[in-house]
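User: I am new to reading protein models. Can we go through the labels one at a time and check each against its cut-off?

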Amino acid sequence: MTTTASTTAPIADARALGLAHYAARGVLEHVLARHGATFQQQVALRAAVTADGPQAPDDLVTQVQGSLKADPTAIRATLDELLAKQLLVADGAHLRPTDAGRELIAAVGAETAPITARIWGGIPAEDLAAAGRVLALVAERANAELAALAA
């Protein structure tokens, strides 16, 4: 008996979202490991690199917490790690990325760009737009649920 692939599209649900997230994150973490960086360090450093100017540590913590929903204490430890690695530097009461920090973000971006192109390539624009709308709605609803749980 021959089995054929189902022509029914899979239903998007929390499991499918999680599997896609962790697969993509696994790719990024593999690249980051070659540079001696963690996922949380990369998120915090990217926030500093893409900011309009030096950021107060509390502002960086808030931004990273908004992205990762991580514990503020753990995020502060991550900022300390980035300072120790000289990827961030204190600039008065603010933190700013060093040239090495900017170079790390650029190197990781350059390394992941062709992988990202292979992962996302060939997906029709209308599918990406629909997925974007659904993911934005899921994130909005999940953030609202998280806020209610924290209250």
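User: Why does Leu17 count as partly exposed?

Analyst: First, the ground rules: this is a predicted model, where local features need pLDDT of at least 70, side-chain atom pairs count only at pLDDT 80 or more, and totals for chains, interfaces and linings use all residues. Residues are numbered from 1 along each chain as its sequence is written, and side-chain values use heavy atoms, with hydrogens and water left out. Now the label. Buried means under 20% relative accessible area, exposed means over 50%, and partly exposed is in between (1.4 Å probe, protein chains only). Leu17 has 37% relative accessibility, so Leu17 counts as partly exposed.

User: What makes Gln86 exposed?

Analyst: Gln86 has 58% relative accessibility. The cut-off for exposed is over 50%, so Gln86 counts as exposed. Gln86 lies in the loop between α4 and β1. Its phi is near 60°, a positive value in a residue other than glycine.

User: Which label does Lys69 get, and where does Lys69 lie?

Analyst: Lys69 is partly exposed, because its relative accessible area is 39%. Lys69 lies in the loop between α3 and α4. Phi of Lys69 is also near 60°.

User: What makes the nonpolar surface patch, and which helix gives the most to the patch?

Analyst: Leu17, Val134, Leu135 and Val138 make a nonpolar surface patch of about 300 Å². Patch residues have over 30% relative accessible area and no salt bridge; nonpolar side chains (Val, Leu, Ile, Met, Phe, Trp, Tyr) are joined within 5 Å, like charges within 9 Å. Helix α6 (residues 125-150) gives the most, with three residues. Leu17 lies in helix α1 (residues 14-34). Helices (H or I, at least four residues) and strands (E, at least two) are DSSP runs, numbered from the N terminus.

User: How do you know that Glu29 forms a salt bridge with Arg25?

Analyst: A salt bridge is a side-chain nitrogen of Lys or Arg within 4 Å of a carboxyl oxygen of Asp or Glu. For Glu29 and Arg25, the closest N and O atoms are 2.8 Å apart. That is within 4 Å, so the pair is a salt bridge. Glu29 and Arg25 are four residues apart in helix α1, so about one helical turn separates them.

User: How many salt bridges does a search of the whole structure find?

Analyst: The search finds four. One of them joins the side chains of Arg76 and Asp58 (2.8 Å, N to O). This pair links distant parts of the chain: Arg76 is in helix α4, Asp58 is in helix α3, and they are 18 residues apart. Arg76, at 36% relative accessibility, counts as partly exposed. Asp58, at 46%, counts as partly exposed too.

User: What makes β1 and β2 a pair?

Analyst: Two strands pair if DSSP finds at least two bridges between them. Strand β1 (residues 88-91) and strand β2 (residues 94-97) have four bridges, in the antiparallel sense. Four meets the cut-off, so the strands pair. Val89 has Arg96 in β2 as its bridge partner. The strands form a hairpin with two residues between them, and Gly92 in the turn has a positive phi of about 70°. The side chains of Arg96 and Asp91 meet in a salt bridge (3.5 Å, N to O).

User: Which residues does Leu82 touch?

Analyst: Contact means heavy atoms within 4.5 Å. Not counting residues up to four places away in sequence, Leu82 touches Gln41, Ala44, Leu45, Leu87 and Leu88.

Definitions and conventions:
Areas by Shrake-Rupley, 256 points an atom, 1.4 Å probe, with all protein chains shown as cover.
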